[in-house]
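Student: I would like to go through this model by question and answer. Please show it before we start.

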Amino acid sequence: LVGGANYKKSQFNRVTQALRQPGSAFKLIVYLAALESGMTPMSWVSDSRVRIGSWNPKNYKYQSRGQISLQDAMAYSVNSVSAWLGKKLGLDRIIQTARRLGMTYPMPDNLTIVLGTGETTALELTTAYAVIARNGLSVKPYTILKVMDQEGGVLYTYQAPTPQRLVDAAVIRSLTQMMQAVMSYGTGKKAAIGRPAAGKTGTTQLD
């Protein structure tokens, strides 16, 4: 964890204090909520343009096919599908899913949240992804392992809390499969590292 360039000049920690829009990286939360609602990676969804009130999200460099699988929608980061899922699942469910994975900051009270218009820190977003990497078990970030005095006496030792299951393991397997698709043929394919990998690309292009 590197919070800044020069601590003497500024103690502002960009990892734990800087609030930024997660953009499409937040779609992890949306697709997790979709899987927990009973959908599967192979569930068919419409990728056509949607209008929610005056909001009409566009798809960046993506041509509509009419219907695609949930997995392909995540792989290609299709904005219209995220908006459709947000309308189907409801704002409360999406926010509750984000909270469960450790995202605590105030979130927008509208469905633009599905495209990552809220704000969070790098630490919180990393924690949410770490829950997925940990097969659905809780993650509590920490930085200090041990504190010792000058004579070598131990003043403090970190004790990790007992992990709690936050997401069902079967849901994690489905979500991981979809995140692997992002890396193998989706928007993250240029970041492939020559071995099994799973992830989700992010962007601040929210129109």
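Student: Which backbone nitrogen does a side-chain oxygen of D168 reach at the start of helix 6?
Tutor: This is a predicted model, in which local features need pLDDT of at least 70, side-chain atom pairs count only at pLDDT 80 or more, and totals for chains, interfaces and linings use all residues. Residues are numbered from 1 along each chain as its sequence is written, and side-chain values use heavy atoms, with hydrogens and water left out. At the start of helix 6, the side-chain oxygen of D168 comes to within 2.9 Å of the backbone nitrogen of A170.

Student: What span does helix 6 reach from its first C-alpha to its last?
Tutor: Helix 6 covers residues 169-184, 16 residues in total. The expected span is 1.5 Å times one less than the number of residues. That expectation is 22 Å, and helix 6 comes close to it, reaching 22 Å.

Student: Is S69 buried or exposed?
Tutor: S69 lies in strand 2 (residues 67-69). Buried means under 20% relative accessible area, exposed over 50%, and partly exposed in between (1.4 Å probe, protein chains only). S69 has 7% relative accessibility, so S69 is buried.

Student: Which residue has the backbone nitrogen that the side chain of S69 reaches?
Tutor: Leaving aside residues up to four places away in sequence, S69 touches P41, M42, S43, W44 and V45, where contact means heavy atoms within 4.5 Å. The backbone nitrogen reached by the S69 side chain, at 3.0 Å, belongs to D72.

Student: Is V147 buried or partly exposed?
Tutor: V147 sits in strand 3 (residues 146-148). With a relative accessible area of 33%, V147 is partly exposed.

Technical notes. Helix = DSSP H or I, 4+ residues; strand = E, 2+ residues; numbered from the N terminus. Polar contact = N/O pair within 3.5 Å; in protein donor to acceptor, adjacent residues only side chain to side chain.
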